[in-house]
Amino acid sequence: MTSLSITALLVLSWQVISCVSFTSFIFGDSLVDAGNNNYLFTLSKANSPPYGIDFKPSHGQPTGRFTNGRTISDIVGQELGAKSLPPPYLAPNTQVDAIIGGINYASGASGILDETGFLFIGRVPLGQQVSYFEESRNYMVNVMGENETREFLKKAIFSITTGSNDILNYVQPNIPFLEGDKVSSTELQDFMVSNLTTQLKRLHELGARKFIVVGVGPLGCIPFVRALNLLPRGKCSVTVNELIQGYNEKLRDMLNRLNQEMGPESIFIYANSYDIVLSIILNSRKYGFENGDEPCCGGYFPPFVCFKENNAEASSILCDDRSNYVFWDAYHPTEAANLIIAKELLDGDKGISFPINIRELYNYSF
């Protein structure tokens, strides 16, 4: 097929589905990575079993998602009628899908700050993810033209789920000769908010109008941090969670300012993942989970490695019933937990999603 024929087909496809399809551009870390790290030289990968064991589109094969099934972004998209899940930007030929369902730029081990995750070697920091989107936008302009691209992007949802790795890198012990002195917790929070503000404004200049910015969850309660601090079951690191709550408060204030500054032609939603996840962890049985402390895969203590040996039918490090666990591995939720989180973010009240929830954002017209 000639390039002219491909362009014509893309334009026709966009005209047919642009009014009914859910389009999402996804930025962030391993909580929403759909496989970008598969194409990097990195220590942060989820491309081997049992990752993806419950992911139906791949028939249980790993895709690079850091969980057993769907991420929160996958679930939200499907609930809002997505025809397909946004492909990872670094996968071959992904640009062709940009006009239809959006693209996923998220990268495991990445953060708001460029230096976050350097010990994992390869990762795509948030600033580079936005630069990748700029490349995608140039492609769209070549296919649709500037005016059509602007109209298209005005209806799309831009979700940003990042910050967890910046916090985790900060609370871990320094590695001698590799890391300098730490800044204060207040300085870290301010650096994160300032850098994130810069990237949100870049996206806005490129045409983004509907934003979902997810706050950092209660990392003080994840198996990795609890093990790091030698905490017993049911206990969370108060210090880590207080650091996160301080950051989230500053993040929410920043988003409120952007809503005021950018006027009625754009909207920034603060998604309060912290309260949702903390409630699930502290009340796990109420939500239908038997285990709200331990990871299903990889164990509760170092090295926290989740893998399945060769083609063995079962592995001693994998729990029997994934649906009974809040945590898939030492860092990430199971699909069962992601389903609850996604539902809350979709239809929650102003205490969860402010000023409106995601479903309302999807139906919002400027």
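Modeller: The helix to look at is α5, which is mostly covered, with six of its eight residues buried. This is a predicted model, and what follows should be read as a description of that prediction. The buried residues of α5 are Ser-164, Asn-165, Asp-166, Ile-167, Leu-168 and Tyr-170. Among the elements that cover them are α6, α7 (223–228) and α8 (238–261).

Of these, α6 can be described in detail. Helix α5 spans residues 164–171 and helix α6 residues 185–205; their axes come within 11 Å and cross at roughly 155°. Because angles over 145 degrees count as roughly antiparallel, α5 is roughly antiparallel to α6. The crossing of α5 past α6 is right-handed. On the α5 side the contact is made by Asp-166, Ile-167 and Tyr-170, and on the α6 side by Ser-185, Leu-188 and Met-192. By class, the residues of this contact are four nonpolar, one polar and one charged.

An α-helix has 3.6 residues a turn, so residues three or four places apart point the same way.

Now α6 itself. This helix has 21 residues and reaches 31 Å from its first C-alpha to its last, close to the 30 Å expected at 1.5 Å a residue. Its buried residues are Leu-188, Gln-189, Met-192, Val-193, Leu-196, Thr-197, Gln-199, Leu-200, Leu-203 and His-204. Leu-188 and Met-192 are on that list, and both take part in the contact with α5. After α6 comes Gly-207, which has a positive phi, near 115°.

For comparison, here is another helix pair in the model. Helix α9 (residues 273–282) packs with helix α10 (residues 335–347) at an angle of about 140°, and their axes are 10 Å apart. These two helices are therefore oblique to each other. The crossing of α9 and α10 is right-handed. Ile-276, Val-277 and Ile-280 of α9 meet Ala-337, Ile-340, Ile-341, Glu-344 and Leu-345 of α10. The residues in this contact are seven nonpolar, no polar and one charged.

To return to α5: six of its eight residues are buried, and the cover over them includes α6.

Methods
Residues are numbered from 1 along each chain as its sequence is written. This is a predicted model: local features need pLDDT of at least 70, side-chain atom pairs count only at pLDDT 80 or more; totals for chains, interfaces and linings use all residues. Side-chain values use heavy atoms; hydrogens and water are left out. Axes are lines fitted to C-alpha atoms, for helices over the stretch in contact, and angles run from 0 to 180 degrees between N-to-C directions. Helices (H or I, at least four residues) and strands (E, at least two) are DSSP runs, numbered from the N terminus. Angles under 35 degrees count as roughly parallel, over 145 as roughly antiparallel, 65 to 115 as roughly perpendicular and the rest as oblique. A crossing is left-handed if the near helix is turned anticlockwise from the far one by less than a right angle, and right-handed if clockwise. Contact means heavy atoms within 4.5 Å. Ala, Val, Leu, Ile, Met, Phe, Trp, Tyr, Cys and Pro count as nonpolar, Asp, Glu, Lys and Arg as charged, and the others, Gly among them, as polar. Buried means under 20% relative accessible area, exposed over 50%, partly exposed in between (1.4 Å probe, protein chains only). The expected span of a helix is 1.5 Å times one less than its number of residues.
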